[in-house]
Amino acid sequence: MKRLLLVAALLISFFTIAKEKYKYVIVPEQFSFFKEPNQYNLNALTKSFFETEGFTVLYDTDKLPDELVKNRCLALYVTAVENKSMFVTKVAINIRDCSNEVLLVSEEGSSREKSYEKAYNQSFRAALTSLKGKLNSFEMPADTKASVTDVIIEKPSVLEDLIPTGTELGNKNILYALPTDTGYKLVNAVPNVIFELNKTTIPDLYLAERGLMDAGIFYKKEGVWNYEYYKKGKLVIEKVEVKF
């Protein structure tokens, strides 16, 4: 009897973990088709909607909780798609997971208002309203419980060969390249994954992702590695120290 009770308890525990709901939602501080953050107060409106749905909502520019820094798959990610014509403003809201897979698309909110502010507000409100109660049906896959750090630490021999233990380790700016099937993962000494690089047909030029809301190109120029991307409509180039 005790053995049966133990098995039952383990099964209940397993299914409880497997069916854990998403806790976080990440909303962009600026939607891609606008020229400034929180234009027409739409980002705040979107954030407020998901808060009323019971989520902890953060902007993509906010400092993230430690558990979310270690594992971005604990959150859902919001994007807005505009389908604007001459007379009608149309907007849909997409909900994505950490692998950028679209889990849910809202109904398309639309407005014929001539005022941009009124038109976008009406469109966003209609699109968001169509999502009411639907996000709570999504459950995190069991494998999202393992953070990126956990996955890397499972291969200590690779990291021990790659990351030095001397004075170079004290340089927190240096990243270390771990080969993947499509390119590299660049990790720091913790180790946490900072960049994911995907090969192109051009030598020393990679498609790069830093987190889920930041993407650009990673290339070598005059012996220096650079990360080039757009932030709020402005081109940014960062020099990156990498050991391949």
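Figure 1. I26 is buried, with a relative accessible area of 3%, where buried means under 20% relative accessible area, exposed over 50% and partly exposed in between (1.4 Å probe, protein chains only). The model shown is predicted: local features need pLDDT of at least 70, side-chain atom pairs count only at pLDDT 80 or more, and totals for chains, interfaces and linings use all residues. Residues are numbered from 1 along each chain as its sequence is written, and side-chain values use heavy atoms, with hydrogens and water left out. I26 lies in strand β1, which comprises residues 24–27. Helices (H or I, at least four residues) and strands (E, at least two) are DSSP runs, numbered from the N terminus. Not counting residues up to four places away in sequence, I26 touches L58, Y59, D60, L64, L68, A75, L76, Y77 and V78; contact means heavy atoms within 4.5 Å. I26 and I95 are separated by 69 residues in sequence, while their C-alpha atoms are 9.8 Å apart in space.

**Figure 2. Packing of helix α2 against helix α4.** Two packed helices are described by the angle between their axes and the distance between the axes. For α2 (residues 42–52) and α4 (residues 116–129), the angle is about 20° and the axes are 11 Å apart. Axes are lines fitted to C-alpha atoms, for helices over the stretch in contact, and angles run from 0 to 180 degrees between N-to-C directions. The two helices α2 and α4 are therefore roughly parallel to each other; angles under 35 degrees count as roughly parallel, over 145 as roughly antiparallel, 65 to 115 as roughly perpendicular and the rest as oblique. The crossing of α2 past α4 is right-handed, a term used if the near helix is turned clockwise from the far one by less than a right angle.

**Figure 3. Buried residues of helices α2 and α4.** In α2, the buried residues are L42, N43, L45, T46, K47, F49 and F50. These residues of α2 pack against β1, β2, β3, β4 and α4. In α4, A119, Y120, N121, S123, F124, A127 and L128 are buried, and the buried residues of α4 pack against α2, β3 (75–82), β4 (89–96) and β6 (109–111). An α-helix has 3.6 residues a turn, so residues three or four places apart point the same way. At 1.5 Å a residue, the 14 residues of α4 should span 20 Å, and its end C-alpha atoms are 20 Å apart, which agrees; the expected span is 1.5 Å times one less than the number of residues.

Figure 4. N38 is found in the loop between β1 and α2. Its phi is near 50°, a positive value in a residue other than glycine. At 27% relative accessibility, N38 counts as partly exposed. E53 is placed in the loop between α2 and β2 (56–59) and, at 11% relative accessibility, counts as buried. E53 touches L131, K132, G133, K134 and N136, leaving out residues up to four places away in sequence. G54, which follows α2, has a positive phi near 100°.

Figure 5. F218 belongs to strand β11 (residues 215–221) and counts as buried at 0% relative accessibility. Residues up to four places away in sequence aside, F218 touches L186, F195, L197, D204, L205, Y206, A208, W225, N226, Y227, V240 and V242. From F218 to A208, 10 residues away in sequence, the C-alpha to C-alpha distance is 5.8 Å. D204, one of the residues that F218 touches, lies in the loop between β9 (193–199) and β10 (205–209). Phi of D204 is positive, near 60°, in a residue other than glycine, and D204 counts as partly exposed at 37% relative accessibility.

Figure 6. T182 is partly exposed, with a relative accessible area of 44%. Leaving aside neighbours within four places in sequence, T182 is in contact with L197, N198 and K199. T182 and Y206 are 24 residues apart in sequence and 9.9 Å apart in space, C-alpha to C-alpha.
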